[in-house]
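Here is a friendly walk through one fold, meant to be read with the structure open beside you. Take a look at it before reading on.

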Amino acid sequence: MERCLLHVYVHAFGAGDSEDTSAIMAHATVCVGFTVSGLLRGARRIFVTQSALTVLRHSAFCYCTVNGTIKSKRKMDHLERTANNFRQEVISQAKVCGITKESETVKRLRLAVADKDFTFKAGQWVDFFIPGLSVVGGFSICSSPGLLEREGVLELAVKHADHPPAQWIHTKCALDSEVALRVGGDFFFDPQPGDSPVKLVLIAGGVGINPLFSILLHIADLHGYQEGKGNGYKMGTVKLYYSAKKTSELLFKQDILGLMDAFPGKITCRFHITQQSSQICEELQPHVTEGRISEKDLAKHVAEDTLWYICGPPPMIESVSTLLSSIGVPRDCVFFEKWW
């Protein structure tokens, strides 16, 4: 999944409010071009210099219209969109150790990470460096931090697109292909043992499920640790609402069903399907609602100890944000990330 977004992480969901949206975008967007030549040296060995990654040239790619909204004169790439986001210093080599077909348009990569200091938080993404390719990809991690700790691997689910990094993954990437990775992003869930328990509502649209699935897997690890050790962070219940056009486009559906079986009552999910004409398979039927996520669906979860995480295309974010505002969800309880 190519990370095509104006990345906004806030303790507010102003996307549904034109005035707030303008303020957030004006604050969050700085248009910067990166010099990417020399980031990768050699197809067999990857060497990425930190200085090359921080050479910036300021450009007037953005301008403000009369009403204050920000528009781009050209499509920005991943590094430009995320110039203001947190990034780790560690850049690690990684080798592709697994490739599976998650859907008709999405490939799931399993990557063995070389650097033992490489870490991430559930919900974050990686800069994806490909030998011989000057364009840097940006993909959300869909596995849990616990998998990296246990096995030294992470996973990405990438949708086919014309963008060079996504195209490389779908046409040239093979087992043992070598790449380099660097973690970034301010959208994550990372509770500490002493933190107060919270409940989560995760709302995903299309391929926006990736970072939320990472969070869901991390929550499963927290539940497992609590049950096994009797200490650590005590996680509240989690409800996932996942919307797609058809059941065939629902990523990780078997994994999600497995998590619900493993943690009954603690992890639950409702799949929302908007454009399916064929019959829904028997296994999924009890968990599927035809139609969009509604106010009635979400209103039942409004509580002081509930946090809301949303990831999907901008129209969905704006619609859900407006809905949450109307049912009284506090702005500092909502976190979102936009994709387009």
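Predicted model: local features only at pLDDT ≥ 70, side-chain atom pairs only at ≥ 80, totals over all residues.

## The parallel sheet

Let's begin with the sheet. Six strands make up an open sheet with parallel pairing, and their order is β14-β13-β12-β11-β15-β16. The edges belong to β14 (288–290) and β16 (334–338); each has a single partner strand, so one side of each is left without a neighbour in the sheet. On average, neighbouring strands here are turned by 15° against each other, direction ignored.

To find the place by eye, look for H272, which stands opposite T289 in β14.

## Helices on the sheet

Helix α9 (residues 314–326) lies across β11 (199–205), β15 (306–312) and β16. The direction of α9 runs at about 155° to β15.

## How α6 meets α7

Two packed helices are described by the angle between their axes and the distance between the axes. For helix α6 (residues 209–229) and α7, the axes come within 11 Å and cross at roughly 25°. Angles under 35 degrees count as roughly parallel, and α6 and α7 are therefore roughly parallel to each other. The crossing of α6 past α7 is left-handed.

Which residues of α6 and α7 meet? From α6 come F213, L216, L217 and A220, and from α7 come D255, I256 and L259. Sorted by class, this contact has six nonpolar residues, one charged residue and no polar ones.

As for α6 itself, its 21 residues reach 30 Å from the first C-alpha to the last, close to the 30 Å expected at 1.5 Å a residue. Just after α6 comes G230, with a positive phi of about 80°.

## The antiparallel strands around β5

Strand β5 (residues 92–101) has antiparallel pairings with β10 and β6. Four bridges join β5 to β10 (residues 178–184), and Q93 stands opposite A180 in β10.

With β6 (residues 106–113), β5 pairs over seven bridges. Here A94 has V113 in β6 as its bridge partner. A hairpin of four residues joins β5 to β6.

Notes. Residues numbered from 1 in each chain as written. Heavy atoms only, no water. Pairing = 2+ DSSP bridges. Helix = DSSP H or I, 4+ residues; strand = E, 2+ residues; numbered from the N terminus. Axes fitted to C-alpha atoms, helices over the stretch in contact; angles between N-to-C directions. Contact = heavy atoms within 4.5 Å. Parallel < 35°, antiparallel > 145°, perpendicular 65-115°, else oblique. Left-handed = near helix turned anticlockwise from the far one by under 90°. Nonpolar A, V, L, I, M, F, W, Y, C, P; charged D, E, K, R; others polar. Expected span 1.5 Å × (residues − 1).
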